Amino acid sequence: MLQIKNLSVNVGDKEVLHDISLSIGEGETHVLLGPNGSGKTTLLMTIMGFSNYVITKGQILFKGEDVTKMHAHERAQRGIGMMFQRPPTISGLKLGKMLTAISRTKEENIPELAKTVHMDRFLERDINKGFSGGEIKRSEVLQLMLQNPDFVMLDEPESGVDLENISLIGTTIGGLLEKDKHIVNRKKSGLVITHTGYILDYIDADKGHVMCDGQIRCHGNPREILKEIKQRGYKECLECRNP
Amino acid sequence: MPEPVTIPELSNEDKERLAQVGMDLTKKNRCGTFLQMDQDIVQAECGETGIEVLSYKQAIEKYDWLKDYAWKNISKEKDDITRYVAAQNDPKGYVIIAHKGSSNVMPIQACLYLGKDKIQHVHNIIIAEEGAELHIISGCASGSHAGKGGAHYGISEFYIKKNAKISFTMIHNWSEDIEVYPRSASVVEENGVFLSNYVCMQPVKKIQMYPTATLVGANSVARFSSIVVSTPGSTMDLGSRAILEAPGASAELVTRAITKGGTIISRGHINGKVAGTRGHLECKGLILKDGVIYAIPEIEGSVVGTELSHEAAVGKLAKDEIEYLMSRGLDEDEATATIIRGFLDVKISGLPDALQKQIDASIDVAEKSGF
């Protein structure tokens with residue numbers, strides 16, 4: 001589904017990601033762990049195609065197609081989607097209007113869909129304006145439900161969310177990733193940034209990666225990596241300390 | 001009573017221009033019509049009980065008491081524009097009177113159309129008597145063939161009596177060679193509500209106006225909303241003023257201004273003269289192409305117990321907002337248009353659906369042409 005080859009990325013004059021390689025197969029969900037500022041969000045924003053993140057080296061292949069030089073909307077139209085940790089507030093733009101724009105000609109019943117994530121009362125509100133942490137996540141997940149991407153990136157889906165909302169958001173994300181389907185029939189893939197690991201209860205991740213200082217340093221079973229990090233912290237990660 | 005007259009034949013292009021300013025030529029969704037083309041009064045009629053739409057001349061002849069309203073709210077000597085209109089022997093324009101307790105569900109349409117004349121002048125008086133509710137859409141347009149320059153001088157005096165309400169939605173569709181000088185003032189009595197909405201999304205050479213609402217009655221309300229786009233060569237000097245003279249009076253002045261290369265001067269002034277008054281002034285400007293947005297918000301309080309605030313912001317479209325929408329599959333132009341559309345989306349509480357839809361339709365036309 002997604003192949004990243006030797007990717008280096010600059011933000012401004014500074015190289016933030018160094019020689020990243022990553023491969024995520026169809027139906028797989030990977031988890032990205034790492035300390036704050038290690039480059040996790042930068043990687044997701046780069047895959048999505050945000051212009052502040054300048055690829056200086058390497059390639060991004062999506063479904064076998066080179067999307068490295070494509071704009072964000074071209075990537076989105078090919079099936080890449082992202083749940084943002086801190087999406088912008090857009091004054092005047094109502095959530096309902098945004099959803100209509102996303103759905104385009106699809107025959108979606110937006111109010112009914114919004115009800116499933118308890119966002120029906122927010123359709124006439126400016127997008128993200130005064131939304132709580134949980135409301136932002138529910139708004140993001142609602143947009144993704146309409147977008148229905150084949151590859152879903154989730155930037156800390158549980159941050160700022162209470163336990164009740166985690167369950168709702170986690171279950172909905174599980175649906176986006178077709179976790180309700182048998183592994184053989186699963187087509188959707190995902191890449192998830194998490195610090196707490198709460199989301200892992202809902203998405204049954206296949207692989208974990210640890211990112212430090214703009215590099216992916218180790219790979220493995222996501223729950224085992226998380227357990228290790230919880231016990232010893234990132235400082236204790238040998239490969240992190242001695243790359 | 002005026003003889004009913006049919007709207008004369010217009011070119012399809014001019015009919016479209018009138019439709020864009022809210023003129024419903026079928027009159028299906030309007031309860032009354034006033035149409036002045038250059039200096040000719042083509043139609044003045046209203047089918048709603050208790051509401052009259054008259055030409056200025058007819059009204060003055062019919063109601064002697066109107067002299068107590070004419071030029072009482074605006075001084076004849078205010079400026080060259082008022083002096084010019086006051087000096088006319090044959091005054092034009094309209095008088096709309098909503099008699100005590102009357103109300104209209106369908107709005108009245110008042111259309112001022114500038115075709116071949118050098119100057120079109122009008123003097124309008126709008127009165128909502130006690131407990132009346134009056135909704136008016138005023139569409140002003142020039143003919144597509146104009147091309148020779150011209151000017152529109154418009155005096156409008158509004159009187160909103162106790163417990164009455166007027167909503168006045170003005171949509172302009174002039175052209176690059178037309179200058180427009182409205183002079184407008186309103187007096188709002190106890191519990192009265194005055195909603196004034198202005199939309200101009202099309203080119204104009206120059207427009208200058210600074211309507212004033214004086215809130216003389218307790219708990220009276222004035223809300224001014226302006227949505228304007230300035231194209232290259234257009235100078236739009238716009239403002240609104242509210243003077244709060246009674247306890248409980250409140251005012252809200254909201255402007256959304258976009259320049260695509262023209263100049264916008266967005267003025268606003270709220271004067272809280274007595275305790276227990278509130279006012280808020282908001283101007284947001286977007287610079288899409290190099291032009292000028294000059295926001296001058298003024299709030300003036302002279303007593304303890306008046307609460308006034310303002311916010312003004314001028315800037316460009318935020319790249320992160322555009323890319324956020326692009327990450328949902330919208331291309332850059334679609335994302336930009338969606339954000340601008342949101343920026344201009346000022347919902348006016350208390351405005352009938354038909355009028356809100358007309359405002360939205362005006363923005364739709366601009367959106368289709370790429371703002």
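Across the interface of chain B and chain A, the rule finds one salt bridge. Its partners are the side chains of Glu140(A) and Arg328(B), with N to O at 2.7 Å. The model is a predicted one.

H4 (319-326) and H5 (332-343) of chain B each supply at least two residues of the side that touches chain A. H4(B) gives the largest share of that side, seven residues. Sorted by class, the side of chain B that touches chain A holds nine charged, six nonpolar and four polar residues.

Now the extent of the interface. On chain B, 19 residues are in contact with 30 residues of chain A. The two chains bury about 2,000 Å² between them, and 57% of that lies on carbon and sulfur atoms. Within chain B, the most area is lost to chain A by Glu323(B), Tyr324(B) and Arg328(B), together 36% of what that side buries. Arg328(B) is also the salt-bridge partner of Glu140(A).

Turn to chain A and its sheet. Four strands form an open, antiparallel sheet in the order S2-S1-S4-S5. S2 (14-24) and S5 (65-66) of chain A stand at the edges with a single partner strand each, so one side of each has no neighbour in the sheet. S1 (residues 2-11) and S4 (residues 53-62) of chain A pair over eight bridges, in the antiparallel sense. Leu2(A) has Phe62(A) as its bridge partner in S4(A). Helix H1 (residues 40-48) of chain A packs on the sheet and touches S1, S2 and S4 of chain A. The direction of H1(A) makes about 110 degrees with that of S1(A).

Key. Residues are numbered from 1 along each chain as its sequence is written. Chains are lettered from A and ligands numbered from 1 in the order in which they are written. This is a predicted model: local features need pLDDT of at least 70, side-chain atom pairs count only at pLDDT 80 or more; totals for chains, interfaces and linings use all residues. Side-chain values use heavy atoms; hydrogens and water are left out. Contact means heavy atoms within 4.5 Å. Buried area is the accessible area (1.4 Å probe) that two parts lose on being put together, summed over both. A salt bridge is a side-chain nitrogen of Lys or Arg within 4 Å of a carboxyl oxygen of Asp or Glu. Ala, Val, Leu, Ile, Met, Phe, Trp, Tyr, Cys and Pro count as nonpolar, Asp, Glu, Lys and Arg as charged, and the others, Gly among them, as polar. Two strands pair if DSSP finds at least two bridges between them. Axes are lines fitted to C-alpha atoms, for helices over the stretch in contact, and angles run from 0 to 180 degrees between N-to-C directions.
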